[in-house]
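Work through the following exercises with the sequence and the coordinates at hand.

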Amino acid sequence: MARETEVERVRLGASGQAVSALGAGTWQWGDRNLWGYGKQYAEAEVAAAYAASRAAGITFFDTAEVYGRGTSERLLGKLVSEDPAGGEVVVATKYAPLPYRLSARSINAAVAASLARLGRPRIDLYQVHWPYSLMRLETLMNALADQVEAGRIGAIGVSNYGAQRMRRAHALLARRGVPLASNQVHYSLLNRKVEHNGVLGACHELSVRLIAYSPLEQGLVTGKFHRAEARPGRMRRLMSGINARRLRQTLPAVELLGRIGAAHGDKTEAQVALRWLIQRGALPIPGAKNAAQAEANAGALGWQLTPEEMAALDALRVG
């Protein structure tokens, strides 16, 4: 599984950690209800997706304690441990601020459980999965800073934080001399909310890396749903908002992605959409259930959109 390709790299904010400019999301690894793990694909396909990602130079893998009820962490940890060049891999996972988690002891226990599932001595990037918590933000950030000082996590990130709450988290951590490394949010060519709600601007201002989840809108930017090649299940339709109106609304964007891709040697719509995010300064983490999907995602690396193409994509207003 050793890395075969040198790729462009970015930093996780001011944490000092450098990672590939494209990451890999592992929500699909072990999730049976939404993604069909164990039916349509299983551990062998996941292992192939990991190997293909590493061969393409991907070093950043994102998981969470709630993905597959811990299965994603266990699968990722096993694959990294078996990787001859696993020391290059930066592993990110997420803490779920569940209602019963009310004190700093909850952080300590959650970190210990994730470390055990991952089989690692340290979590490179530990993120708060969502902003809804009964724990005071000051208590939460201080508990995370304690984990950094103890050497159990390398950097702190948040996820789904709005601009104001992110600024507060950043300030609280700064008091402890710890940078806020990242904010993982929904961002894609078809979902531009972070450009208008202050999150993207705050990330740039505070040197916080924006990690973009759902960068392909669960396949919507690929055009496969527009071409009626596939139809998502009911749950995925609800989550992604795929319906006839949405397909009509996004068709011009998909067609533009196709034209731009053709001008770059038959790059796919998805590869162009990922490339746009990279050049916007985001770190996209598309998912992959098998080697073919991982290889396709990696096709976003190693080339550049022109200023004119970036401007045309920037001008799209579809969400």
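**Exercise 1.** Which residues does Lys 289 touch, not counting residues up to four places away in sequence? Describe also the setting of this lysine.

*Solution.* The model is a predicted one, and the solution starts with the location: Lys 289 sits in the loop between strand S10 (283-284) and helix H11 (291-298). With residues up to four places away in sequence left out, Lys 289 touches Gln 28, Trp 35, Gln 40, Tyr 41, Glu 45, Val 46 and Ala 49. The next step concerns charge: Lys 289 is buried yet has no salt bridge, and the nearest side chain of opposite charge, that of Asp 31, is 9.8 Å away. A salt bridge would require a side-chain nitrogen of Lys or Arg within 4 Å of a carboxyl oxygen of Asp or Glu.

**Exercise 2.** Determine how helix H1 and helix H11 pack, and name the residues that make the contact.

*Solution.* Two packed helices are described by the angle between their axes and the distance between the axes. For H1 (residues 43-55) and H11 the angle is about 25° and the axes are 7 Å apart. Angles under 35 degrees count as roughly parallel, and H1 and H11 are therefore roughly parallel to each other. The crossing of these two helices is right-handed. On the H1 side the contact is made by Glu 45, Ala 48, Ala 49, Ala 52 and Ser 53, and on the H11 side by Ala 291, Ala 294 and Glu 295.

**Exercise 3.** Classify the packing of H3 with H4 and of H9 with H12 from their axes.

*Solution.* Begin with helix H3 (residues 104-118) and helix H4 (residues 137-149), whose axes come within 9 Å and cross at roughly 45°. That crossing angle makes H3 oblique to H4, and H3 passes H4 in a right-handed crossing. The contact is made by Ala 104, Ile 107, Asn 108 and Val 111 of H3, together with Thr 139, Leu 140, Ala 143, Leu 144 and Gln 147 of H4.

Turn next to helix H9 (residues 244-262) and helix H12 (residues 307-314), where the axes come within 11 Å and cross at roughly 170°. Since angles over 145 degrees count as roughly antiparallel, H9 and H12 are therefore roughly antiparallel to each other. H9 contributes Leu 256, Leu 257 and Ile 260 to the contact, while H12 contributes Glu 309, Ala 312 and Leu 313.

**Exercise 4.** What is the phi of Ser 214 and of Gln 218, and are these residues buried or exposed?

*Solution.* Ser 214 has a positive phi of about 50° although it is not a glycine, and its place is in the loop between strand S9 (209-213) and helix H8 (234-240). Gln 218, found in the loop between S9 and H8, has a phi near 50°, again a positive value in a residue other than glycine. For accessibility the cut-off is that buried means under 20%; Ser 214 counts as buried because its relative accessibility is 18%, and Gln 218 counts as buried because its value is 14%.

**Exercise 5.** Where is Gly 154, and which residues is it in contact with, leaving aside its neighbours within four places in sequence?

*Solution.* Gly 154 lies in strand S7 (residues 153-159) and, at 24% relative accessibility, counts as partly exposed. With neighbours within four places in sequence left aside, Gly 154 is in contact with Gln 17, Arg 122, Ile 123 and Asp 124. Gly 154 and Arg 122 are 32 residues apart in sequence, and their C-alpha atoms are 6.9 Å apart in space.

Methods. Residues are numbered from 1 along each chain as its sequence is written. This is a predicted model: local features need pLDDT of at least 70, side-chain atom pairs count only at pLDDT 80 or more; totals for chains, interfaces and linings use all residues. Side-chain values use heavy atoms; hydrogens and water are left out. Buried means under 20% relative accessible area, exposed over 50%, partly exposed in between (1.4 Å probe, protein chains only). Lys and Arg count as positive and Asp and Glu as negative; His and the chain ends are not counted. Contact means heavy atoms within 4.5 Å. Axes are lines fitted to C-alpha atoms, for helices over the stretch in contact, and angles run from 0 to 180 degrees between N-to-C directions. Angles under 35 degrees count as roughly parallel, over 145 as roughly antiparallel, 65 to 115 as roughly perpendicular and the rest as oblique. A crossing is left-handed if the near helix is turned anticlockwise from the far one by less than a right angle, and right-handed if clockwise.
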